[in-house]
Amino acid sequence: MKIFENIINHKINTITGDELFKYAEQFNIRVNRQQAYKVAQYLKGKNVNIFDDRERSALIKEIAKIGGPEVAREVNKLFVQFTK
């Protein structure tokens with residue numbers, strides 16, 4: 001499973017706004033294109049592990065500062081989908 005986690009984390013750390021928006025639509029997550037771009041820009045190069053609850057929680061708190069608490073909740077839902 002470690003390889004799977006590495007692939008997912010790599011994707012999160014290199015995701016574009018368009019890709020994030022596409023995934024949000026696919027999983028019925030309410031994030032608009034502008035919010036997706038802001039979040040993707042923040043994530044770029046962060047090298048986070050969304051499978052680690054502490055790292056994901058800290059990341060979501062930072063996303064809340066950028067896009068607000070609702071965007072952070074929605075992005076967290078998407079991350080949870082990725083970790084299943």
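Author: Buried means under 20% relative accessible area, exposed over 50%, and partly exposed in between, with a 1.4 Å probe and protein chains only. This is a predicted model, in which local features need pLDDT of at least 70, side-chain atom pairs count only at pLDDT 80 or more, and totals for chains, interfaces and linings use all residues. Residues are numbered from 1 along each chain as its sequence is written, and side-chain values use heavy atoms, with hydrogens and water left out.

Reader: Why is F82 said to count as buried?

Author: The relative accessibility of F82 is 12%, so F82 counts as buried.

Reader: Why does F4 count as partly exposed?

Author: F4 has 34% relative accessibility and therefore counts as partly exposed.

Reader: What makes the pair of F4 and F51 edge-to-face?

Author: Rings of Phe, Tyr and Trp (its six-membered ring) pair if their centres lie within 6.5 Å; planes under 30 degrees apart count as stacked, over 60 as edge-to-face and the rest as tilted. The structure holds 3 aromatic pairs. For F4 and F51 the centres are 6.4 Å apart and the planes stand at 70°, so this pair is edge-to-face. Y23 and F82 also form an edge-to-face pair, with 5.4 Å from centre to centre and 85° between the planes.

Reader: Why is the chain called as compact as a globular protein of that length?

Author: The chain has 5 helices and 0 strands, where helices (H or I, at least four residues) and strands (E, at least two) are DSSP runs numbered from the N terminus. Its radius of gyration is 11 Å, close to the 12 Å that the globule rule gives for 84 residues, so the chain is as compact as a globular protein of that length. The radius is taken over C-alpha atoms, and the rule is 2.2 Å times the number of residues to the power 0.38.
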